[in-house]
Amino acid sequence: MKYSEMFGKTTRNGPKDEVTANADLLTRAGFVEKLMAGVYTYLPLGLKVLNNISDIVREEMDAIGGNELLMPMLHPKGNWVQTGAWENVDVLFKLESRTGREYALGQSEEEIVTPLVMSRVQTYRDLPLQVYQIGWKFRDELRSKSGLMRGREFLMKDMYSFHEDQADFDRFYAITKDAYLRIYDRLGLVAKVTEASGGAFTEKISYEFMVLTDAGEDDILYCDQCEYCVNVEISQLQPGTVCPKCGQGTLAQARASEVGNVFDLGQKYGRDFGMGFTDRSGGKQFPIMGCYGLGISRLMGVVVEKFHDDRGIIWPEVIAPAKVHLINLGNSDDIREQAESIYRSLRQQGVTVLWDERETSAGVKLKDADLIGLPYRVVVSARTLGEGKIEVKPRTDEEVLIPIEGLMSYLTGVTS
Ligand code: ATP
Ligand code: MG
């Protein structure tokens, strides 16, 4: 991709009424554009990041037997009335058509997935089963000033599992928990797992996956020695007390962002829709269901909160929109030709590259590279070209001079 041809360039100003670094940096670096509070356009660079995160999530969900599908976002009112959510879910967006019919925009999809799956499940032999999707969710959130971290329209991975009994849900929950922790780990994040009371409709336990960040909206107490963590909202514990789990560490309080959530839904939804299956003794049972949310666009915001400095974003390589930010300083024929040849050869070898080939000042180009935050900056300039060298700078490390022909092996970490 050439910078001059790219739609969505760096801009001087961040969005109004936003307090977080992610909103400011992602806007100024040309990744997103705010349409209104909680609603963003993903520009080409931003969409690449979103897709890269989605790919990691998809890989891990497929690896535990998730079946990917895509359910509608526009829902008939009836499904939501049947579960009580039409009246009780305050964030539900409701629409009326010109013929007076009413609809909901999906804020989560138990109302759709339960009849969908259970109409295809006859006996316990059809279980367990888990389906998931990566899709947009709509919520009438009251406050939406945290950039991508609290959208009114946001991208979520939501998975739903169906089990013949509680023990099988517990088995699958443990598997999903590991998959979630792998996802956060691949993004360079450390997630703590809290136990919280369930949502509005269930007495059952739920689990929240929390990443420590001051831009988050949850207060948690976490153990400084083990993975134990609780939400302050529900806990009797105080900061400074000894960890009830390991007995070694001390509980500290911090702000965190919820990047995933698991609910044990019990039999509620099967019962609401009157949809069951024939169990092992030939009787009728409602399935035990689990739902597993993971905030993909929120994660993009959290990654920026965690990985940036005063100059810009520092993308983890696995989700960066490109690996290399190539810059030619000066536009003499030999410099431009050399940069072009590096650009071509990187692309041929499958290395993603953004080439800033503008005829603009070195200061502007270097500043933009830091703001955009790709993992490696490669500079072709008169200063080093005479010796057949280029300058390579990892985003958070010192620059090094390497021979042009050594670039590929440098980037792939091969030392031959
Ligand atoms: P929160 O307490 O932050 O409102 P929630 O408990 O309402 O989250 P869930 O309904 O479990 O969240 O949704 C699953 C996941 O979707 C959350 O863990 C979070 O990562 C993400 N998510 C929830 N609401 C939003 C939002 N408004 N904007 C972006 N991501 C969200
Ligand atoms: Mg919420």
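Me: On a 1 Å grid over the protein atoms alone, a cavity is a set of points where a 1.4 Å probe fits but cannot get out, while a pocket is an open set with protein on both sides within 12 Å along at least five of seven lines; lining residues have an atom within 4 Å of a point. Which residues line the largest cavity?

Reply: First, this is a predicted model: local features need pLDDT of at least 70, side-chain atom pairs count only at pLDDT 80 or more, and totals for chains, interfaces and linings use all residues. Residues are numbered from 1 along each chain as its sequence is written, chains are lettered from A and ligands numbered from 1 in the order in which they are written, and side-chain values use heavy atoms, leaving out hydrogens and water. As for the lining, it's His 325, Ala 369, Asp 370, Leu 374, Tyr 376, Arg 377, Lys 393 and Arg 395. Helix 10 and strand 21 (376-381) each give two or more of them; helices (H or I, at least four residues) and strands (E, at least two) are DSSP runs, numbered from the N terminus.

Me: What makes the lining of the second largest pocket lie between two domains?

Reply: Domain 1 (3-309) and domain 2 (324-415) both give residues to that lining, so the pocket lies between them. Domain bounds come from an automatic or database domain assignment. Among the lining residues are Thr 10, Arg 28, Asp 310 and Lys 367. Helix 10 (362-372) and helix 1 (21-28) each supply at least two, with the largest share, 4 residues, coming from helix 10. The pocket has about 300 Å³ of space.

Me: How do the residues of that lining divide by class?

Reply: They split into 3 nonpolar, 3 polar and 6 charged. Here Ala, Val, Leu, Ile, Met, Phe, Trp, Tyr, Cys and Pro count as nonpolar, Asp, Glu, Lys and Arg as charged, and the others, Gly among them, as polar.

Me: Why does the pair between Arg 139 and ligand 1 count as a polar contact?

Reply: A polar contact is a pair of N or O atoms within 3.5 Å; within protein, one must be able to donate a hydrogen and the other to accept it, and residues adjacent in sequence count only if both atoms are side-chain atoms. A polar side-chain atom of Arg 139 lies 2.8 Å from an oxygen atom of ligand 1, so the pair passes. The side chain of Glu 258 has an N or O atom 2.7 Å from a ligand oxygen, and a backbone N or O atom of Gly 295 sits 3.2 Å from one.

Me: What surrounds ligand 1?

Reply: There are 15 residues around ligand 1, Arg 150 and Gly 151 being among the closest; a residue is near a molecule or strand if one of its heavy atoms lies within 4 Å of it. Strand 13 gives the largest share of this shell, 5 residues. By class, the shell has 5 nonpolar, 5 polar and 5 charged residues.

Methods
Points joined across faces, edges and corners; volume = space filled by probe spheres on them.
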